[in-house]
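Keep the structure open as you read.

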Amino acid sequence: MTSRREFIQIVPLAGAALLTGRSAMAAPVDEKDPQAVALGYVSDAAKADKAKYKQFVAGSHCGNCALFQGKATDAVGGCPLFAGKQVANKGWCSAWAKKA
């Protein structure tokens with residue numbers, strides 16, 4: 001039987017483990033997903049439609065976007081535009097905003 005003190009010490013650790021496991025298991029954004037199509041998302045910024053998206057800036061990609069929720073070295077990370085899914089670090093979409 002676990003004491004109340006042990007239980008209170010375990011709960012935050014279990015919660016952190018669940019959150020970490022959840023983000024690691026998130027599916028990648030499919031380029032054919034309606035939200036991705038609407039934003040012109042591609043998993044490789046080199047394949048962005050530069051004729052259609054005049055705001056494309058050379059060197060821009062998800063990894064250096066203000067919305068990217070991962071480290072600059074992560075291959076994938078979260079993005080609030082694609083809730084529950086992961087975007088490629090080297091991806092790009094029309095909502096790209098330079099990280100400050």
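Start with the aromatics: Y53, F56 and W92 are joined into a cluster by ring pairs. Rings of Phe, Tyr and Trp (its six-membered ring) are taken to pair if their centres lie within 6.5 Å, with planes under 30 degrees apart called stacked, over 60 edge-to-face and the rest tilted. Before going further, note that this is a predicted model: local features need pLDDT of at least 70, side-chain atom pairs count only at pLDDT 80 or more, and totals for chains, interfaces and linings use all residues. Residues are numbered from 1 along each chain as its sequence is written, and side-chain values use heavy atoms, with hydrogens and water left out.

By that ring rule, the count is three aromatic pairs. One of them is Y53 with W92, an edge-to-face pair at 5.7 Å centre to centre with 65 degrees between the planes. This pair links distant parts of the chain, 39 residues apart: Y53 sits in the loop between α2 and β2 (76–78), and W92 in the segment after β3 (85–88). Helices here are DSSP runs of H or I with at least four residues, strands are runs of E with at least two, and both are numbered from the N terminus.

Buried means under 20% relative accessible area, exposed over 50%, and partly exposed in between (1.4 Å probe, protein chains only). As for F56, K50 lies over its face, at 4.9 Å from the ring centre; the rule for a charge over a ring is NZ of Lys or CZ of Arg within 6 Å of the ring centre and within 35 degrees of the ring normal.

Now for the sheet. It is an open one of three strands in the order β1-β3-β2, with mixed pairing. β1 and β2 are the edge strands, each pairing on one side only. Two strands pair if DSSP finds at least two bridges between them. β1 and β3 run parallel over two bridges, and P28 has Q86 in β3 as its bridge partner. β2 and β3 are antiparallel over three bridges; G78 stands opposite Q86 in β3, while G77 stands opposite V87. The hairpin of β2 and β3 has six residues between the strands, and G84 there takes a positive phi near 80 degrees.

What about D33? This residue lies in the loop between β1 (27–28) and α2 (34–39), and D33 is buried at 18% relative accessible area. Its side chain reaches the backbone nitrogen of Q35 at 3.0 Å.

Finally, step back to the whole protein. There are two helices and three strands, following the pattern α-β-α-β-β along the sequence. Of the 100 residues, 29% count as buried. Among contacts (heavy atoms within 4.5 Å) with a separation of 6 or more, 58% come from residues 24 or more positions apart.

Key:
Polar contact = N/O pair within 3.5 Å; in protein donor to acceptor, adjacent residues only side chain to side chain.
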